[in-house]
Amino acid sequence: MKTKVILSLSALLFAIFLAVGSVDPSSSSGSSGSGDVGDNTRRTPSSDNTNTPSKPNLEVVDFSSKNEEYARYVVGTVRNNSSKNYSYVQVEINLLDESGNIVGSTLDNVNNLGPGKSWKFKAIIMEKDAAKFEIKDVSGW
(Lines give C-alpha, C1' and ligand atoms only; values in the text may rest on other atoms or scores of the structure.)
Protein backbone atom coordinates (compact mmCIF):
# COMPACT_ATOMS: atom_id res chain seq x y z
CA MET A 1 0.00 0.00 0.00
CA LYS A 2 2.82 2.44 0.90
CA THR A 3 4.55 1.68 -2.39
CA LYS A 4 1.40 2.56 -4.37
CA VAL A 5 1.06 5.89 -2.57
CA ILE A 6 4.73 6.75 -3.13
CA LEU A 7 4.52 5.81 -6.82
CA SER A 8 1.31 7.83 -7.25
CA LEU A 9 2.85 10.89 -5.59
CA SER A 10 6.01 10.52 -7.68
CA ALA A 11 3.97 10.32 -10.88
CA LEU A 12 1.95 13.40 -9.87
CA LEU A 13 5.08 15.42 -9.10
CA PHE A 14 6.64 14.35 -12.40
CA ALA A 15 3.50 15.42 -14.30
CA ILE A 16 3.53 18.83 -12.57
CA PHE A 17 7.22 19.24 -13.37
CA LEU A 18 6.56 18.47 -17.05
CA ALA A 19 3.62 20.88 -17.21
CA VAL A 20 5.58 23.75 -15.66
CA GLY A 21 8.61 23.05 -17.83
CA SER A 22 6.57 23.11 -21.05
CA VAL A 23 5.57 26.78 -20.75
CA ASP A 24 7.09 28.73 -23.65
CA PRO A 25 9.10 31.58 -22.07
CA SER A 26 9.66 33.13 -25.50
CA SER A 27 5.96 33.79 -26.11
CA SER A 28 6.29 37.38 -24.94
CA SER A 29 8.53 40.04 -26.37
CA GLY A 30 10.68 42.66 -24.71
CA SER A 31 9.58 45.36 -27.14
CA SER A 32 8.27 48.46 -25.48
CA GLY A 33 7.90 52.10 -26.27
CA SER A 34 5.92 55.24 -25.66
CA GLY A 35 4.56 58.22 -27.51
CA ASP A 36 2.24 61.19 -27.36
CA VAL A 37 -1.40 60.87 -28.37
CA GLY A 38 -1.99 63.11 -31.37
CA ASP A 39 1.66 62.96 -32.47
CA ASN A 40 1.48 61.03 -35.73
CA THR A 41 5.24 60.45 -35.92
CA ARG A 42 6.06 56.75 -36.51
CA ARG A 43 8.49 55.42 -33.91
CA THR A 44 10.49 52.29 -33.35
CA PRO A 45 10.58 50.79 -29.86
CA SER A 46 13.47 51.30 -27.50
CA SER A 47 15.55 48.28 -26.62
CA ASP A 48 16.20 47.65 -22.93
CA ASN A 49 19.17 45.36 -23.56
CA THR A 50 21.64 46.47 -26.23
CA ASN A 51 23.87 43.42 -25.69
CA THR A 52 21.28 40.97 -27.01
CA PRO A 53 21.82 40.33 -30.73
CA SER A 54 18.70 38.19 -31.24
CA LYS A 55 15.27 39.69 -31.77
CA PRO A 56 12.28 38.71 -29.64
CA ASN A 57 9.85 36.23 -31.18
CA LEU A 58 7.11 38.88 -31.27
CA GLU A 59 8.43 42.39 -31.88
CA VAL A 60 6.78 45.82 -32.16
CA VAL A 61 8.67 47.27 -35.12
CA ASP A 62 6.93 50.67 -35.25
CA PHE A 63 4.10 52.59 -33.60
CA SER A 64 2.38 55.98 -33.46
CA SER A 65 -0.97 57.55 -32.63
CA LYS A 66 -3.59 58.37 -35.22
CA ASN A 67 -6.46 60.85 -35.04
CA GLU A 68 -9.46 60.11 -37.19
CA GLU A 69 -12.69 62.07 -37.49
CA TYR A 70 -14.46 60.47 -34.51
CA ALA A 71 -11.78 58.45 -32.72
CA ARG A 72 -8.11 58.24 -31.74
CA TYR A 73 -5.94 55.13 -32.04
CA VAL A 74 -2.51 53.72 -31.24
CA VAL A 75 -1.35 52.03 -34.45
CA GLY A 76 1.72 50.02 -35.28
CA THR A 77 3.22 46.82 -36.59
CA VAL A 78 4.07 43.57 -34.78
CA ARG A 79 6.35 41.08 -36.53
CA ASN A 80 6.66 37.36 -35.80
CA ASN A 81 10.43 36.77 -35.91
CA SER A 82 10.11 33.07 -35.05
CA SER A 83 9.35 29.90 -36.98
CA LYS A 84 6.24 29.40 -34.81
CA ASN A 85 2.65 29.95 -35.95
CA TYR A 86 0.94 31.96 -33.20
CA SER A 87 -2.77 31.20 -32.95
CA TYR A 88 -3.29 34.39 -30.89
CA VAL A 89 -1.23 37.57 -30.48
CA GLN A 90 -2.08 40.60 -28.32
CA VAL A 91 -0.51 44.04 -27.84
CA GLU A 92 -1.24 45.81 -24.52
CA ILE A 93 -0.99 49.60 -24.17
CA ASN A 94 -1.26 51.88 -21.10
CA LEU A 95 -2.82 55.29 -21.62
CA LEU A 96 -1.37 58.19 -19.60
CA ASP A 97 -2.38 61.76 -18.78
CA GLU A 98 -0.01 64.74 -19.19
CA SER A 99 1.58 63.97 -15.79
CA GLY A 100 2.29 60.35 -16.69
CA ASN A 101 -0.50 58.84 -14.55
CA ILE A 102 -2.34 55.85 -16.00
CA VAL A 103 -5.86 56.86 -17.02
CA GLY A 104 -6.75 53.63 -18.84
CA SER A 105 -5.51 50.95 -21.15
CA THR A 106 -6.27 49.53 -24.55
CA LEU A 107 -5.33 46.50 -26.60
CA ASP A 108 -5.66 44.86 -29.96
CA ASN A 109 -5.32 41.24 -30.96
CA VAL A 110 -5.14 39.00 -33.99
CA ASN A 111 -5.44 35.28 -34.70
CA ASN A 112 -3.03 33.13 -36.73
CA LEU A 113 0.15 35.18 -37.12
CA GLY A 114 2.46 32.95 -39.12
CA PRO A 115 6.26 32.75 -39.11
CA GLY A 116 7.90 35.84 -40.60
CA LYS A 117 4.54 37.61 -40.97
CA SER A 118 3.63 41.10 -39.77
CA TRP A 119 0.39 42.43 -38.31
CA LYS A 120 -0.75 46.06 -38.37
CA PHE A 121 -2.54 46.72 -35.07
CA LYS A 122 -5.03 49.50 -34.33
CA ALA A 123 -6.05 49.98 -30.68
CA ILE A 124 -8.77 52.53 -29.94
CA ILE A 125 -8.23 55.24 -27.30
CA MET A 126 -11.47 55.74 -25.37
CA GLU A 127 -10.15 57.91 -22.51
CA LYS A 128 -10.47 61.63 -23.29
CA ASP A 129 -7.72 62.47 -20.74
CA ALA A 130 -5.14 60.28 -22.50
CA ALA A 131 -2.23 62.41 -23.70
CA LYS A 132 0.49 59.75 -23.92
CA PHE A 133 0.77 55.98 -24.26
CA GLU A 134 3.18 53.16 -23.42
CA ILE A 135 3.29 49.82 -25.20
CA LYS A 136 3.54 47.46 -22.23
CA ASP A 137 3.58 43.97 -23.72
CA VAL A 138 3.20 41.82 -26.79
CA SER A 139 2.26 38.24 -26.04
CA GLY A 140 1.03 35.24 -27.92
CA TRP A 141 0.58 31.53 -28.01
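I looked up W119 and found it buried, at 9% relative accessibility. The cut-off for buried is under 20%, so W119 qualifies. I keep in mind that this is a predicted model.

Next I checked F121. At 2% relative accessibility, F121 also counts as buried.

**Aromatic pairs**

How many aromatic pairs does the count come to? I got 3.

I took F63 and F133 to begin with. Their rings form an edge-to-face pair, with 5.9 Å from centre to centre and 80° between the planes. F63 sits in strand β2 and F133 in strand β7, so this pair ties together parts that are 70 residues apart in sequence. Are these two residues buried or exposed? Both F63 and F133 are buried.

Then I turned to the rings of W119 and F121. Their centres are 5.8 Å apart and their planes meet at 55°, so I noted this pair as tilted.

**What F121 touches**

I listed the contacts of F121, leaving out residues up to four places away in sequence. Among them are V60, D62 and F63. The list also includes V74, V75, G76, T77 and V78. V91, I93, D108 and I135 are on it too.

**The largest nonpolar core**

Which residues of the largest nonpolar core touch the most other members? I found V89, I93, F121, F133 and I135, out of 20 residues in this core. I then asked which strands supply it. β2, β3, β4, β6 (118–125) and β7 (132–140) each give at least two residues. The largest share, 5 residues, comes from β4.

**L58**

I moved to L58, which is in strand β2 (residues 58–67). L58 is buried, with a relative accessible area of 0%. Next I checked L58 against G140. The two are 82 residues apart along the chain, yet their C-alpha atoms are separated by 7.8 Å.

**A charge over a ring**

Where does the charged end of K122 sit? I found it over the ring of Y73, 4.4 Å from the ring centre.

**S82 in its loop**

I looked for S82 and found it in the loop between β3 (72–80) and β4 (86–96). Is S82 buried or exposed? S82 is buried, with a relative accessible area of 14%.

I then checked the polar partners of S82. Its side chain makes a polar contact with the side chain of N80, at 2.7 Å. A polar atom of the S82 side chain also lies 3.0 Å from the backbone nitrogen of K84. Leaving out residues up to four places away in sequence, S82 touches N57, P115 and G116.

**The whole chain**

I counted 1 helix and 7 strands. From the N terminus on, the elements run α-β-β-β-β-β-β-β. The chain has 141 residues, and 36% of them count as buried.

The accessible surface of the chain comes to about 8800 Å². Of that surface, 54% belongs to carbon and sulfur atoms.

Terms used
Residues are numbered from 1 along each chain as its sequence is written. Side-chain values use heavy atoms; hydrogens and water are left out. Helices (H or I, at least four residues) and strands (E, at least two) are DSSP runs, numbered from the N terminus. Buried means under 20% relative accessible area, exposed over 50%, partly exposed in between (1.4 Å probe, protein chains only). A polar contact is a pair of N or O atoms within 3.5 Å; within protein, one must be able to donate a hydrogen and the other to accept it, and residues adjacent in sequence count only if both atoms are side-chain atoms. Contact means heavy atoms within 4.5 Å. Accessible areas come from the Shrake-Rupley method with a 1.4 Å probe; for residues, only the protein chains shown count as cover. A nonpolar core is a set of buried Ala, Val, Leu, Ile, Met, Phe, Trp, Tyr and Cys residues joined through side-chain atoms within 4.5 Å. Rings of Phe, Tyr and Trp (its six-membered ring) pair if their centres lie within 6.5 Å; planes under 30 degrees apart count as stacked, over 60 as edge-to-face and the rest as tilted. A charge sits over a ring if NZ of Lys or CZ of Arg is within 6 Å of the ring centre and within 35 degrees of the ring normal.
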